[in-house]
Every structure is written in structure tokens, then in C-alpha cells.
Amino acid sequence: MTEQTPSDFRSSAIRAIRIERDAIDALEGRIDDQFTRACEVIMNCKGRVVVTGMGKSGHIGNKIAATLASTGTPSFFVHPGEASHGDMGMITSQDVVIAISNSGNTSEVVTILPLIKRMGAPLISMTGNASSTLAREAVANLDVSVMVEACPLGLAPTSSTTATLVMGDALAVALLEARGFSAEDFAISHPGGSLGRRLLLRVSDIMHSGDQIPVVNEDTPLSGALLEMSRKGLGMTTVVNDKGTLTGIFTDGDLRRTLDRSVDIHNTPINEVMTRHGKTIQADHLAAEALNIMEEMKINALPVTDDQGGLIGAINMHDLLRAGVI
């Protein structure tokens, strides 16, 4: 083993990155009729997309299947070795099979080709060899060949797996856009993550309502408003007129500014010190939208109103934090 300097480590890493970047750049010229054909076949699929591959290609295939599934194309991965021992039963004639092999002649994949052809499932290949068995049997072959692996020995799949992964992402994105897949669709397939919460959670799901809303009338003295703020613990109180229509809000920040003016808290009505025409939000809006308003306006709470301006709820930054929106 030769002694390596920090400069040697950096040089090796930069060389690997440049080689793999060149491999990715070469893919642009391969988004051709074969790619279009693959997209059309998958769009017409009545079943699911089944991805298969051996070794490192299998690991990449797992990721491609997961990306397809999360972006509107039902998909799963089948190990070609397991397929020969019972898992072929997971594939039907209604499915489309994407088989990945850099050589295009991987024995475990080639072994199951006759069964795939026999059941009539369309085959799409991703190979580095357009004249290989796998490429010849496919209705569309996506060319993921590379000039050289980033591995200096030319043995460890590096550039080839990167190119395959990027081609898989290109396929998924093309299908996503063709299906009109939306951010809300994406969130539905990610309900447990923070992204799902940000995209699916509505203000109505987390707002305070009914007796939990801090609210006082316009002629309530400032001292009474402070008691209401303390009781409800949201750091603010809403202010309504006799018709129940929201006319203002009074927050902890308003209190600090009011005290600086030496206001008589027992005799000053809240409508003289409240903030009028403040920001509000409606219950059917996304909680993430409430967060955006609060961050933009540098405020910590929002009244929730109906279409006529009637007060129906309240929400603050702590509610968003507890709900995982932040």
C-alpha cells in the first residue's frame, strides 16, 4: 500500500466525479426514439412496472422502482435469482418489465427472459451493450453505456451505475409530467413524512376552535383582553364586533408596544390598541401556507375566518411545530 497525501485523496475523488459527470452528460444524446417508446409502453401498462437486476444493477433497480412508485407509476423490484425460484409468480401479462444489466448478458436475468416473453409482458432493457441478448429481446433498450468506469481498475460498477440511476430518474420524471402528477399526489404516497404533512395538512386539522379561541369584544378593556390571552395561551386574542365579525387582533408584540406608551390597561378599550386589518387564513388552506404567511409577516399567530370574515378558529406557530409542518 502506497502512502497517500491529502492531495492524493482529493485528486482521486475529483477524477471520479469528473468521469461520472461525463457519463451523465453522454446520456442527453440517448433520449431518443427508444426512450420515447419505453415511456409509451409504460403509460399504456395496465398492471405494474416490475424492475429486475442483479448485483449493483439490482440495487439501482430497487431505487428506480421506488422512484417510479412514488411518482405515480406503480412499481416494485423482483430479484432475478428469486424469480427463478418462485417469484416469477409476482409478474403478470399486464405488467411491464424493466431489466437492468450493464453487459446485457447477466445469466440470472437472461434465464428468466423466455418466461417473460412467454407471458407476454413487454420488456424494456437498460444496458451498456446494444447488441446483447437483453437489448435484442426488448421492445425498447435504454443505452446506459459508459466509456470508462470511475474505478481505476475498471472493475467496480461506478460510472455505469450512476448513468443507469440517472436514466431511471429521467424516465420517472418524463412519466410524472406525462401523468400530470401533482405535489398533492406525491404527498399522498408519502403521508408519514414531513413532506406529506406539509402538503396534506389543512389549517382546519390543527386550528383551535370553539371555546379554545381567544376572543374579546371591541369594547373590552385591555385588562380583560390580557386575561383572555392568559386563559387561552396562544399569545394573542382576536377582537370581534357585535356581529361576530373579526375586526382586529392583539398579540404579545402589541402588548409590549402598548406598555411603552403607558396606556391605562383598565380603562382603555381593546379596539384602541389592537392591530386592524391583520392577516388571516381560511380553514381549508394548507397549514404550510399559514407557516409561509407567519414567516413572511414575522408574526406568530393567525385568526381563521370563513368566507364572510366570521371568526371560526385560531392557529399559532406552536401548533405548526407540534404538527410537524415546521
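**Loops, pocket and nearby helices**

His277 counts as exposed because its relative accessibility is 76%, where exposed means over 50% relative accessible area, buried under 20% and partly exposed in between (1.4 Å probe, protein chains only). The model is predicted, so local features need pLDDT of at least 70 and side-chain atom pairs count only at pLDDT 80 or more, while totals for chains, interfaces and linings use all residues. Residues are numbered from 1 along each chain as its sequence is written, and side-chain values use heavy atoms, with hydrogens and water left out.

His277 sits in the loop between strand E9 (275–276) and strand E10 (281–282); helices (H or I, at least four residues) and strands (E, at least two) are DSSP runs numbered from the N terminus. His277 has a positive phi of about 55° although it is not a glycine. Most residues other than glycine have a negative phi. Lys298 is another non-glycine residue with a positive phi, about 60°, and it lies in the loop between helix H13 (287–297) and strand E11. With a relative accessible area of 74%, Lys298 is exposed.

Lys298, Ile299, Asn300, Ala301 and Thr251 lie nearest the centre of the largest pocket, which is lined by 22 residues. Strand E8, helix H12, strand E11 (301–305) and helix H14 (317–322) each give two or more residues to this lining. The most comes from H12, with five residues. The space in the largest pocket is about 470 Å³. On a 1 Å grid over the protein atoms alone, a pocket is an open set of points where a 1.4 Å probe fits, with protein on both sides within 12 Å along at least five of seven lines, and lining residues have an atom within 4 Å of a point. Grid points are joined across faces, edges and corners, and the volume is the space filled by probe spheres set on the points.

H12 also contains Thr258, which is buried, with a relative accessible area of 1%. A polar atom of the Thr258 side chain lies 2.8 Å from the backbone oxygen of Asp254. Leaving aside neighbours within four places in sequence, Thr258 is in contact (heavy atoms within 4.5 Å) with Leu222, Phe250, Val263 and Val273.

Leu222 belongs to the next element to consider, helix H11 (residues 222–232), where the buried residues are Leu222, Ser223, Gly224, Ala225, Leu226, Glu228 and Met229. These buried residues pack against helix H12 (252–259), and also against strand E6 (215–217), strand E7 (236–240) and strand E8 (246–251). Gly233 follows H11 and has a positive phi, near 65°.

H3 (residues 56–70) has 15 residues and should span 21 Å at 1.5 Å a residue, which agrees with the 22 Å between its end C-alpha atoms; the expected span is 1.5 Å times one less than the number of residues. Among the buried residues of H3 are Ser57, Gly58, Ile60 and Leu68.

Methods: Polar contact = N/O pair within 3.5 Å; in protein donor to acceptor, adjacent residues only side chain to side chain.
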